[in-house]
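Reader: I would like to go through the assignments in this model one by one. For each, please set the value against its cut-off.

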Amino acid sequence: MSNSLFPWQDGVWQQLQQMRARLPHAILFHGAEGIGKTAFAEQFAQSLLCEQPQADGHACGVCGSCGWFMQYNHPDYRRVRPEILDGEDAAEGDGADGEAGDGKKTAKSAKAPSKEIKIDQIRALSGFMNISTHRQGQRVVLLYPAEALNTAAANALLKTLEEPPPNTVFLLSSNSLDRLLPTILSRCRKFAMPLPSREQAMAWLRQQEVKDADVWLAEQGGAPLTAYAQSQSEGRELIDEFLQHLTRPGIDGALKCAEHLQKTPVAELVAWQQRWLYDLFSFKLSGTIRYYPRYEKALAGLAAKVETGALLRALKSSNERRAIAEHPLSARLFIEDMLLDYAAMFA
Ligand SMILES: [Zn+2]
């Protein structure tokens, strides 16, 4: 009835049901970005709160509890996420649920919405955890992405996880375990979420009527939801210009490219370039390409011109760039610097 899992999640859903009899206080769903972890955890949350879950563990979709849940109105449910994700439900394209009543129109200030989960958001949970639950049932907190917790918030959450309140289940979702505090990790039961097979992902993308689905899927490392989001994004011409530039490294082109792309989120450009470097490296070592098969010819030509050591250094500095890409002092200078370094590898 209320099963709207992605087609690649049925097996893992069954696996999760085995945890139900002795439910841990905290479960951490982890795996690649863009495979539907959050929607999955959300369905699990609904099923935990449902008054008459079905034999396969899915929520019934019709009880009072499910009704509240689907309107983000359930008194025993809290969702904790960075402010920047508010209002993105409709854009996720996963058809997991509606977004009614989710306060998405609360543009409180002109300040850019935060990308972090802040301590106030964790503190706000304590009131919630101190009142009794509807019909003495469970209380569920869904928190994502866990790596968005800033240090103060992570420490506050840790205190809660160390002394878990009764009848409360924390569901966390994370794209990168290595960015979480080890102490948080050790308090959660880890639950791995799989990447769909290529066939599953392609079938789903075709259902969404995505053209050139294979290109998008490869560029996103096999993650269908990010592939879908990219296929719908408006900045595609700019990304193509960027990739085109990478095929022809040079100083003039670098300066021009930086000028054109200075309004593009810098972190995204770093990620695009990182995958590009990874493909160059992979082609050099083994003649294979993962992310940009349609640029195979260009990548092969470039791989022949560059030294392995230089590529390794470029990959390393690309990681460092990624760490500061969220707040560059000047986007244009940042991109220039990145592309000039890139050009120098081939000089
Ligand atoms: Zn129900």
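Author: In S4, Phe170 is the bridge partner of Val141. The chain crosses from S3 through helix H5 (residues 151-162) to S4. The model is predicted, so local features need pLDDT of at least 70 and side-chain atom pairs pLDDT 80 or more, while totals for chains, interfaces and linings use all residues. Residues are numbered from 1 along each chain as its sequence is written, and side-chain values use heavy atoms, with hydrogens and water left out.

Reader: What makes the β-α-β crossover from S3 to S4 right-handed?

Author: A crossover is right-handed if, with the strands pointing away from the viewer, the path from the first strand over the helix to the second runs clockwise. The crossover from S3 through H5 to S4 is right-handed by that rule. Helices (H or I, at least four residues) and strands (E, at least two) are DSSP runs, numbered from the N terminus.

Reader: How do you know that S3 and S4 pair?

Author: Two strands pair if DSSP finds at least two bridges between them. S3 and strand S4 (residues 168-174) have 5 bridges, in the parallel sense, and therefore count as paired. Strand S2 (residues 77-80) is joined to S3 by 4 bridges, also parallel, and the bridge partner of Val80 in S3 is Leu143.

Reader: Why is S3 called largely enclosed?

Author: Buried means under 20% relative accessible area, exposed over 50%, and partly exposed in between, with a 1.4 Å probe and protein chains only. In strand S3 (residues 139-143), 5 of the 5 residues are buried, so the strand is largely enclosed by the rest of the structure. Arg139, Val141 and Leu143 point one way from S3, and Val140 and Leu142 point the other way.

Reader: Which strands stand at the edges of the sheet?

Author: The open sheet has 5 strands in the order S2-S3-S4-S1-S5, with parallel pairing. S2 and strand S5 (189-192) stand at the edges, each with a single partner strand, so one side of each has no neighbour in the sheet. Neighbouring strands are turned by 20 degrees against each other on average, direction ignored. The axes are lines fitted to C-alpha atoms, for helices over the stretch in contact, and angles run from 0 to 180 degrees between N-to-C directions. S5 is joined to strand S1 (residues 26-30) by 4 bridges in parallel, and Phe29 has Phe191 as its bridge partner in S5.

Reader: What makes the site of the zinc ion tetrahedral?

Author: Donors are N, O and S atoms within 2.8 Å of the metal (3.2 Å for Na, K and Ca); water is not among the atoms, so sites may look incomplete. The SG atoms of Cys50, Cys60, Cys63 and Cys66 coordinate the zinc ion at 2.3 Å. Four donors count as tetrahedral if all angles lie between 85 and 135 degrees; four count as square planar and six as octahedral if opposite donors are over 155 degrees apart and all others between 65 and 115; anything else is irregular. The angles among the 4 donor atoms are 102 to 119 degrees, so the site is tetrahedral.

Reader: How do you know whether Cys60 is buried or exposed?

Author: Cys60 has a relative accessible area of 7% and is therefore buried. Cys66, at 0%, also counts as buried.

Reader: What does Ile122 touch?

Author: Contact means heavy atoms within 4.5 Å. Not counting residues up to four places away in sequence, Ile122 touches residues including Val80, Leu143 and Ala153. Ile122 is in helix H4 (residues 119-130), and its relative accessible area of 4% makes it buried.
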